[in-house]
Amino acid sequence: DDARPDPAASQPAPNEPAQDPWPVGAVVRHRRYGQGVIEESDPDGVEVAFAGRGRKRFARRLCPLTVVD
């Protein structure tokens, strides 16, 4: 009786794309720029429009954003 969790159970199925943590249209918060909306997303980064602050681009690997529910 092996009670260890199956590591494959937490992986997406091969034909299912992994869910993007920063999808286009998501409302996000940045500690300096405030609340914004993701307008572009690609493998390297995301571009966010902030009211009164313009558009800013962030590298995914260093992305300082929090998704607002």
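1. Tyr33 counts as buried at 19% relative accessibility; buried means under 20% relative accessible area, exposed over 50%, and partly exposed in between (1.4 Å probe, protein chains only). The model is predicted, with local features needing pLDDT of at least 70 and side-chain atom pairs counting only at pLDDT 80 or more, while totals for chains, interfaces and linings use all residues. Residues are numbered from 1 along each chain as its sequence is written, and side-chain values use heavy atoms, leaving out hydrogens and water.

2. A search of the whole structure gives 3 aromatic pairs. Rings of Phe, Tyr and Trp (its six-membered ring) pair if their centres lie within 6.5 Å; planes under 30 degrees apart are stacked, over 60 edge-to-face, and the rest tilted. One of the pairs is Tyr33 with Phe58, tilted, at 6.5 Å centre to centre and 50° between the planes. This pair links distant parts of the chain, 25 residues apart: Tyr33 lies in the loop between β1 (27-30) and β2 (34-41), Phe58 in strand β4 (residues 54-59). Strands are DSSP runs (E, at least two residues), numbered from the N terminus.

3. Phe58 is buried too, with a relative accessible area of 11%. Phe58 also pairs edge-to-face with Phe50, at 6.3 Å centre to centre and 90° between the planes. Tyr33, Phe50 and Phe58 form one aromatic cluster.

4. The open sheet has 5 strands in the order β4-β3-β2-β1-β5, with antiparallel pairing; two strands pair if DSSP finds at least two bridges between them. β4 and β5 (66-67) stand at the edges with a single partner strand each, so one side of each lacks a neighbour in the sheet.

5. Strand β3 (residues 45-50) pairs with β4 in the antiparallel sense over 6 bridges. Ala59 in β4 is the bridge partner of Gly45.

Key. Helices (H or I, at least four residues) and strands (E, at least two) are DSSP runs, numbered from the N terminus.
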